Amino acid sequence: MTGPLLQVRDLTLSLPDRSRAPLFGRPPLVDIVNGISLDLAVGQSLGIVGESGSGKTSLGRCLVRLYPPTSGTIRFGGTDITDASEAVMRPIRKDLQMIFQDPQSSLNPRRTVGQIVAQPVLALSVETDRRAALKRADAALDRAGLGHAFAARYPHELSGGQRQRVGIARAIATEPRLIVADEIVSGLDVSTQAQILALLNDLKQDMGLSLIFISHDLSVVRVLADQVMVMLGGRVVEEGAASAVFDHPRHAYTRELIDAVPLPVIDPEWLNAEQAGGGTKMAEIKGQTVLVTGTSRGIGKVFVDQLLAAGAAKVYAATRSGGGSHADNRVVPVKLDITSATDIAAAARDCADVTVLVNNAGINHNSKLLATDQAGAAAAEMETNYLGTLNMCRAFAPVITDNGGGAIVNMASILARVNLPLMGSLCASKAAVYSMTQGIRAELASQGVAVFAVLPGAVDTDMTKDFPPPKAAPADIVAEVLAGMQAGEADIYPGDMAKGVSGGLAADRPGVIAEMAGYV
Amino acid sequence: MNRSMLLRRLLQAIPTLFGVSVVVFVLVRVVPGNPIAMMLPPGATAADMERLRVAYGLDGSIVEQYVIWLGQALTGAFGTSISLRQDVLELVLGRLPATLELALFATVLAVTIGVLATMLGSLYRGRWPETLIDTINGFTLAVPDFIWALALILLFGVVLPILPISGRINPRLGTEFLTGFYLLEALLTGRFTVLGDLLRHIIMPSIALALPLAAIITRVLKNSLAEAMVQDYVMIARVKGFSRWRIIWQEALRNAAIPALTLTGVQFTFLVGGTVLVEKIFSYPGIGNMAIDAVTNRDLPLIQGLILCFAVIFITVNLLVDLSYALLNPRLRS
Amino acid sequence: MTTALLNWRILVGGGIVALLALIALFAPLLAPVDPLEQDLFLELLPPWWQADADPTRALGADSLGRDVLSRLIHAARPALIVAVVAGTLTMLLGTALGLMAGYMGGVVDTLISRMVDIWTSFPAVLLAIMLVALIGTGLHSVIIAIVLIDWTRFCRVVRAETLAQAEMEYIDAAVTGGLRRGAILFREVLPNILPLVIVLLTLEMSIAIIVEAVLSFVGLSVSSDSPTWGGMIAEGRQVIHQAWWVMAFPMGLILIAVLALNLLGDGLKTALDPVLRR
Amino acid sequence: MSLILDIAGLRVSLRRGGHLVRDVSLQVATGQVHGLVGESGAGKTMIAKAVLGILPDAVRVSTGSIGFKGTDLLSLSPRRFRALLGREIAMIPQDPLTGLNPSRRIVAQMTDTLRHHLGQSRGEARGNALRLLQEVQIRDPEKVLDRYPHELSGGMRQRVLIAMAFATEPSLIIADEPTTALDVTVQKQILRLIRQMQERHGTAVLFVTHDLGVVAKICHQVTVLHTGQVVEQGSIDHVMSNAAAPFTRALMAATPRYDQPADALHPVPEAVHQTLRDAARTFDGRNP
């Protein structure tokens, strides 16, 4: 036979949510597992990690057909077992076994260990003779490191680790090709856990077993898995070779998970370190409802187009004057002057489905700080750039939280980090935006709202026509922002200039400033 | 768990009521004998009978008959009692207050005894008073109200004759009552001699009914209290430096009361069922006593009226228990 | 310590039950006189320890002058027959329905659960009296009435326990181990429920004894001349002020039988639990 | 830095014979987090319960002393001991789901120590509870106060429990596996919060856990236990970098790490366990 031992395509499991059952009719369905695909070759082992509620256990149970999948396909050894009846499944089960989570409840208290291990051997007709089956059970018990002397005992006479060995013996007794092991070491002490992991590793090698190892504990998964799949909310967020995923995680959530594991190493920074991106993760733009301010021109306009291209469900395109139209009917024009409290309140009310807020609107007046303040330029910059953005965040943070979380993107500028002559008050307002963004990130960290600060260098728009080159194209800047959001970069420095400055900030501050000043 | 769940529970009572009515209908119809015959006075002619058959739709199919019967039952038209020659509904409603009074009195007694025994047992946990309470409780749990009633009569009616062994009130007092709730009325109108006599009559039957229920309350409440006492939040309360009494009262009892209440509700229906026999034994003029007489006299109209009455009480009590469960449990309230 | 305790309960409870069974079995041999023999000269004769007692009538005589002891012994027969037969049949019916409801779920469960709801909406005693009144008196009727009414007790408990067992992972292990549904129900679930059912059976037997007594008390059990404990109580109730013993002895016997069965049940509960057993 | 908790020669025994904790001594000073590490049955929870005076009925302290700010807790009358509990000594439990009473509002559970021990009025105590909830970074604390526990997430409940423990500004907090039941990402937040609160209030913490990783991140001092005996004691640096006891070293080698491949994992050799079990037996032989 060629091809993978187990092939899963678009597997979805939906279960009725009884807590939200209406008075009449059926309760609504919730997707517990959503569009999972995987291939597992002979002898390979796959680790599935995720936190509680990620759907990893349900997925495992679907794979051994304890739960019937709602849609998708499962092929095992070339046979489609998605909708196979128990009669069809029975000969397959000999090759497809499971080790269960709770060694207490997975062993029938009224049967001896020998009977428990011999049960699948008999029922799956590996042996038809009772005596032969019990003999095979003894061998499996020996192999599981328990010794066949335990065959006559009852489960309640065993310790937790011993019970889990019985579970392993039962699973290997039919000499299967694939074992699904669900959280099998979570309740055990470290020294017992290490023994069980070592045992599984040996069995894997000796028997040429394929293994699907489900756990919430990344370190445990690392011990056994060649391949790793990280799950969140029923979906896969990242998958790949174990070494690649653990050493170079690509997805922000994976990084967050890894960073949260306390290694037995002293690291005084660990506790205080921002959580990977401090809650800044934005799985995807697809399906989000986004409000972008300042969309009449420049970066704002580009944001709208790229968000649509990235699959946003709806984009509120806010302009100071309102109106405007767009070819795409997902775009909803909004009148919103961010210096107007009534406008903001109205927007928060009308756009109650927003999950992502992009605070792009801003102004700049080039003026010397100590010279006469032309038409209150300093105050106006502060009012729009800082207070406007802050008030938008205030108004929309509860909206986004109520919608189950999302993101806020505040457009600051690299000027927040480096001051330029002639632009002192603009720099001050951008620095205020940047500091404020750091502040609300901490406040929103636990509420599923990712907060990003964007610090671009000079962008080639009509607002910066006075700036000397090099200026980055708006489309590149926005593309980098969207990529940065999905990669979980809390502070996004789009464009070479910004990166250069941020990279230089740490190293050679005076040099950078000199270089920057050269631009002006 | 939410309001719609409660509403669903309310709606569930409808099919149950429907099922109850079907069972009663079938019971009455399968009786050997003619249902028309029991509606007519003795000496009616065959023609009278045929007229009634048509009038009551008894010549139609069984489903038609059921629909007609249900319509009558819903309007309270259960016909005339054969043995007592009075309207069934009037008879039942006339006797119902006596039974309700007895059942409620017994329930209050049972809850009081049960809670007291529980508190006492929990206070002296692991010492001899707890063992004593457990032993007595084990005994009480096994003995049915029927035996208690007879034992009480033997004890306080014969060996130590201090209480009347039958009836609800001494007829020689000659008091008139406006309602059927004698006890309540006597209390409200301040007729204390009458009240005393009523209490002397009600005490034995209500104790007989209360003891098995009290035993069950004690066991469930004590178990759930013991369960609550090992929860983390109780440990925290101990670590907060509170006294044992305060912990039992403030932390544990309320959570322990929830399972106890559910069970008390179910058992209360048993208590109501128990009135049938206890009323008979004490010749107490309630619907239970009446029901046994109706059965012995094969008074079918009266039987169906009484049985439906009991069923309605049972279903109502179960609903009330579910509602009060929701009141006690914040998970259901929000 | 636990072992000693459980032995004590099973020994005492079981011993008394066995003794009662023997008495019932050998009633004609044990009874000193014919239980139906009336002797008006002995009317309301007091038991042996009182003055003017008759040594041949150890427990006195009733209002018709029949020997109380002999009647008690003979009355053990209907009581124990009802206990064993009605108890067992109730157990079989209720357990089967409870297993079906709990394990099959869906429509079957809804149907059976609703039936239990309807059944428990009637006062059991009244229903029993009515049933017997409708189908006629006699031991058969008593047994039928008990089975038809009390199956819900087993059904409810077995259903709940089946549901609890179905949650256990060993059921999933049996599925992945290739066991068929029927095999899982009978080979995995049932053995775990059985101890509970056996304990309930002892309880049901004591209830059956009480129901039989209640029915004969109301005059609806076996024909009125053959002795029953309930019938004797009813007769005693009539002469309670003159001869309390006529009622007290059958009451005491019922009490002893009921307590013994409960004690046996308690003992079995611990003895049959593999975790508590050790 | 003054000594808050001074446990000396503590021996906890079953009433029917046999020891669970075998002559353990340890000290916790102001502002220090002292980790008590071991596997199940090592006696760590028994030590915590002995300090809190909530040992199970079948278990008692047979010898030794538990010094708290200079007084031996074991010598106090129950009444005086209760006056200390909840005011000077508090605890954070393992399971946030059962640590809060399901039928009482958060405000009632948070204010009862303030009112009972500090005699605060209802309004005053509510104000303090509100401030505490803000301190543990609960959003919308005003609303949360009037909620029931089941309306909060697991992480929020653990925050409430932490706020509750710090309410009366105790000198000592016993944390019994406070993050074991939580997801890793929540665990990190909670650990950080405990550390922040503990530093801000200068509280001494006895931190019971089975997880060496958690110990490495939050503790200043560590005591490693096995069969009720101290196998290693010292500063976190010492224990993590050059542990002397074979058991500590074996435990480190047996802890899986995502940053190391599978072959770096070595189960604890049975001989290591056996040596310590033998030592326990010898101890029992000398002290029946």
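Mentor: A residue counts as buried if 20 or more other C-beta atoms lie within 10 Å of its own, and as exposed if 12 or fewer do. Keep in mind that this is a predicted model.

Trainee: Thanks! Which residues of helix α11 of chain A are buried?

Mentor: In α11(A), which spans residues 341-350, the buried ones are Asp343(A), Ile344(A), Ala347(A) and Ala348(A).

Trainee: What do the buried residues of α11(A) pack against?

Mentor: Their partners in chain A are β12 (314-319), β13 (331-335) and α12 (377-402).

Trainee: Let's move on to contacts between chains. How many residues do chain D and chain A bring to their contact?

Mentor: The size of an interface is often given as the accessible area lost when the parts come together. Here we can count residues instead: 36 come from chain D and 34 from chain A. On the chain D side, α7 (184-201), α8 (212-218), α9 (236-242) and α10 (246-254) each supply at least two residues. The largest share, 8 residues, comes from α7(D).

Trainee: Which classes of residue make up the side of chain D that touches chain A?

Mentor: That side has 17 nonpolar, 8 polar and 11 charged residues.

Methods: Residues numbered from 1 in each chain as written. Chains lettered and ligands numbered in written order. Predicted model: local features only at pLDDT ≥ 70, side-chain atom pairs only at ≥ 80, totals over all residues. Helix = DSSP H or I, 4+ residues; strand = E, 2+ residues; numbered from the N terminus. Contact = placed C-beta atoms within 7 Å. Nonpolar A, V, L, I, M, F, W, Y, C, P; charged D, E, K, R; others polar.
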